[in-house]
Amino acid sequence: MATLNQILDYIPKHSFAVINEPSFGKHPAQGHHLEHLLARCFGLRELTVMQATDQMLVHCSASRRLTKLHVLNGMALSDVGMLKLSAAAGSMITLHLSHLSLSVSGGILVKVLQKWRRLKELKLSDCASVNDDVLLAATSCLTNLHQLDLSDNNNRVTSKSIVPLIRGSNERLMSVSLANLTTGVRGVLRAIASAAPQLTHLDLSGCGESITDDEMLLSEPSSDQEEKQEETERAEASSSLSSDDDAKSFVRRCKMLEELSLKGSSNLTNSSLLRLFSSQAVALPASSVSLSRSLLMSRPRVPVSSFAPLDYRSIDLSGCVHVDDATIQTIALNAPKLKTLRLANCCNVTDAGILTLSKQCTALTTLDLTATGIKKPTYFGGFVMLTKLSVSRCAIENSSLVDGLRGSTNLEKLDVSATNVDDESLNNVASNCLSLRSLNISECGQLVAPIMSLVNLTKLNASNNARWGDEALLFLESRCPFLQVVNLANTAIVAPQLQLRHLRSLNVSGTVIADDVIVTMLPQSAGLMSLDISRCCNLTDATIAAIVSRASANTLCRISVAHCSQFTVAALAQLFVCPPQSQTDNTTSNDGQPAPPPTTKQFLALDLSYCALDGDSLCHYIQQQSPLLPLPEQQQQQQNTQQEGSTTGRSNLRALQTLTLDNTNITVEALRALLQLSQPASLPPQHQPSEPDNNDTKRSTFLQVSARGCPNLIAAEENA
């Protein structure tokens with residue numbers, strides 16, 4: 001990555017038309033490389049980015065052909081970048097913006113949407129400035145929408161603005177996602193039934209309190225009830241499926257519906273849902289229905305004949321406590337093409353129901369049986385296409401599990417956490433499932449030292465195993481050579497030999513490991529990005545020195561040292577400011593060789609909760625090492641005398657996104673110093689944009705600081 005900018009200089013400016021790299025932004029250096037790349041892509045047509053900045057949008061504005069923009073996290077965007085982009089890109093067709101902050105105002109969003117009249121796909125998910133007024137102001141311009149996603153906007157978006165959007169789409173809408181909509185569900189369904197009968201995808205997940213079944217409407221209405229029902233129907237903001245007429249009208253008109261999600265609708269009961277499904281049995285060819293945590297199949301049980309055969313592809317009944325074997329048998333007989341079934345926390349589901357499923361739904365690829373009543377899963381062999389399986393928190397027999405997974409060559413993800421699986425059973429399962437890439441064996445009290453050989457395994461979770469010690473890791477490197485994510489939290493390891501060259505994330509929190517484990521491991525893990533050593537009370541300042549040393553990976557950007565009581569303020573401060581070169585020239589390691597000097601890191605997330613972080617000492621150390629903060633004249637003279645010829649320290653917080661300082665003695669002055677250290681440095685002259693930017697001082701990422709329970713900050717707030 002160090003020479004990527006130089007390589008990009010040789011690429012013609014019109015060579016790239018599509019940049020689809022959501023991983024950009026996960027490492028600090030990648031954001032600058034992406035900006036450098038965008039400055040050379042005059043013919044760019046499609047861009048997908050994880051952490052977008054105003055500077056990226058400014059570079060994108062140079063491309064007059066940009067038609068598709070996907071921003072997965074827009075917390076760092078402001079009005080400046082959006083206006084610059086809208087002024088240049090006039091033919092936008094797809095706009096996906098998620099997690100916008102108040103820095104992008106509602107008025108700017110209205111101007112942007114009013115200019116891009118050709119928009120076909122619009123996603124404004126979890127955007128702080130999106131509300132009914134913004135959407136109503138842009139409704140007249142959004143007449144070509146095919147996909148609309150307004151999920152997770154809390155109470156800011158209601159049916160007051162959604163209904164006009166749907167009615168103004170001129171029957172072009174094919175997909176609508178309104179997850180966690182709190183009010184006006186009935187009005188939305190009416191609008192869809194009348195103005196969008198061609199709809200194929202509808203997502204109302206998380207609208208649990210808004211979708212209810214009124215007992216009055218479950219019986220035949222009397223004259224008084226009819227009057228009340230008419231009054232309720234006139235209120236489009238009503239939050240419930242008020243009558244069967246609404247449901248039947250919606251089902252009869254939307255005959256092209258393929259996916260219906262009502263996940264989290266906990267207020268729905270058997271009485272209302274059976275009427276909905278019985279009326280849609282012929283008219284609604286749904287291929288995906290999600291009813292998580294809904295009381296979908298409460299007693300009395302529904303006979304199999306009441307369900308007409310439907311082409312279901314995905315069913316989610318997680319948390320539906322009344323789902324039993326009769327329900328599973330019904331699904332098995334009516335959904336032979338089913339690929340995904342989630343039954344987590346359905347305690348009434350037993351082996352009989354899953355056995356029928358294995359005989360009928362042989363195309364199943366994902367099966368979640370977490371906390372169900374299965375005990376002897378010898379039938380798993382019937383799922384020949386199964387790739388993901390979870391039997392977590394199930395009282396299964398080890399021999400049955402081994403027999404059931406015999407020959408499961410396609411299985412890639414297995415979760416047996418909180419079960420009675422032992423070493424022998426796990427070894428046999430591993431020998432049968434050679435394609436496993438992810439394995440969760442946390443909270444398995446019978447495991448001691450399994451010798452499993454999984455050459456394709458990349459993710460291992462063995463946390464909370466009190467008997468899991470160093471012996472279990474002896475052959476891990478040779479038998480699982482491509483491990484990237486390892487979780488050993490709260491295990492019995494003391495001095496493990498962790499020599500994993502492909503390691504990306506390591507969690508050893510709550511263990512009794514010593515400094516030499518971290519000091520030895522870091523130089524061998526060149527790609528390590530995340531390290532969690534919280535609650536490791538035996539670690540000392542030597543661990544921090546190893547983290548900031550040149551020998552450790554420059555990719556290390558997420559660190560948690562919470563509850564580590566032996567770290568001193570001077571050591572913790574090295575996470576914020578790299579010490580000057582002269583202070584480390586004469587240091588030596590334990591073997592008498594010169595210790596590698598610290599190098600500037602670029603951390604994305606730091607967690608120092610419950611650490612002995614004294615605010616005054618930290619502030620004093622930062623002032624001594626950093627050229628950014630002013631010093632009194634006398635101290636400045638002393639520093640110049642003592643450190644003549646030496647260089648000043650450099651900040652490690654240029655790209656910081658999350659800083660957690662809960663329950664520490666941080667002061668207002670120290671916190672202000674840290675925030676100043678997090679300001680991004682200017683780019684080299686050869687990487688500066690050709691046009692001056694009036695927003696040069698703005699952070700390239702959004703910084704989130706948590707300092708709950710800090711007595712000095714609480715006292716300062718009370719005094720203020």
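# A walk around a predicted protein model

The protein has 24 helices and 26 strands. Here, helices (H or I, at least four residues) and strands (E, at least two) are DSSP runs, numbered from the N terminus. You are looking at a predicted model, where local features need pLDDT of at least 70 and side-chain atom pairs count only at pLDDT 80 or more, while totals for chains, interfaces and linings use all residues. Residues are numbered from 1 along each chain as its sequence is written, and side-chain values use heavy atoms, with hydrogens and water left out.

**Stop 1: the whole thing**

Start with everything selected. Of the 720 residues in the protein, 52% are buried. Buried means under 20% relative accessible area, exposed means over 50%, and partly exposed is in between (1.4 Å probe, protein chains only). Now think about contacts, meaning heavy atoms within 4.5 Å. Among contacts with a separation of 6 or more, 72% are between residues 24 or more positions apart.

**Stop 2**

Select residues 185-195, which is helix α8. How many of its eleven residues are buried? Nine are, so to speak, under cover: the helix is mostly covered. Colour V185, R186, G187, V188, L189, A191, I192, A193 and A195 to pick out the buried ones.

Next, select residues 325-334 for helix α13, which is largely enclosed by the rest of the structure because seven of its ten residues are buried. Those buried residues are D325, T327, I328, T330, I331, A332 and N334. What do they pack against? Show β11 (314-316) and α14 (351-360), and you have the answer.

**Stop 3: salt bridges**

A salt bridge is a side-chain nitrogen of Lys or Arg within 4 Å of a carboxyl oxygen of Asp or Glu. A search of the whole structure finds two of them.

For one, select R406 and D403: their closest N and O atoms are 2.9 Å apart. D403 is partly exposed, at 41% relative accessible area.

For the other, select D662 and R708, whose side chains meet at 3.5 Å, N to O. D662 sits in the loop between β25 (658-660) and α23 (668-677), and R708 in the loop between β26 (704-706) and α24 (711-719), so this pair ties together parts that are 46 residues apart in sequence.

**Stop 4: patches on the surface**

Patches are made of residues with over 30% relative accessible area and no salt bridge; like charges are joined within 9 Å, and nonpolar side chains (Val, Leu, Ile, Met, Phe, Trp, Tyr) within 5 Å. Select R342, K388, K413 and K459 to see a patch of positive charge. Lys and Arg count as positive and Asp and Glu as negative, with His and the chain ends not counted. The place of a charge is taken as NZ of Lys, CZ of Arg, CG of Asp or CD of Glu. R342 belongs to strand β12 (residues 340-342) and is partly exposed, at 33%.

Then try I451, L474 and F475, which make a nonpolar surface patch of about 290 Å². I451 is in the loop between β16 (438-440) and β17, and counts as partly exposed at 43% relative accessibility.

**Stop 5**

Select D423, in helix α16 (residues 423-432). D423 is buried, with a relative accessible area of 18%. Leaving aside neighbours within four places in sequence, D423 is in contact with Q446, L447, V448, A449 and P450.

A546, in helix α19 (residues 541-548), is buried too, at 13%. From A546 to L522 is 24 residues in sequence and 7.4 Å in space, C-alpha to C-alpha.

**Stop 6: positive phi**

Finish with N464, whose phi is near 60°, a positive value in a residue other than glycine. N464 is in the loop between β17 (459-461) and α17 (476-479), and is partly exposed at 36%. Y610 also has a phi near 60°; look for Y610 in the loop between β23 (605-607) and α21 (615-625).

Notes:
Areas by Shrake-Rupley, 256 points an atom, 1.4 Å probe, with all protein chains shown as cover.
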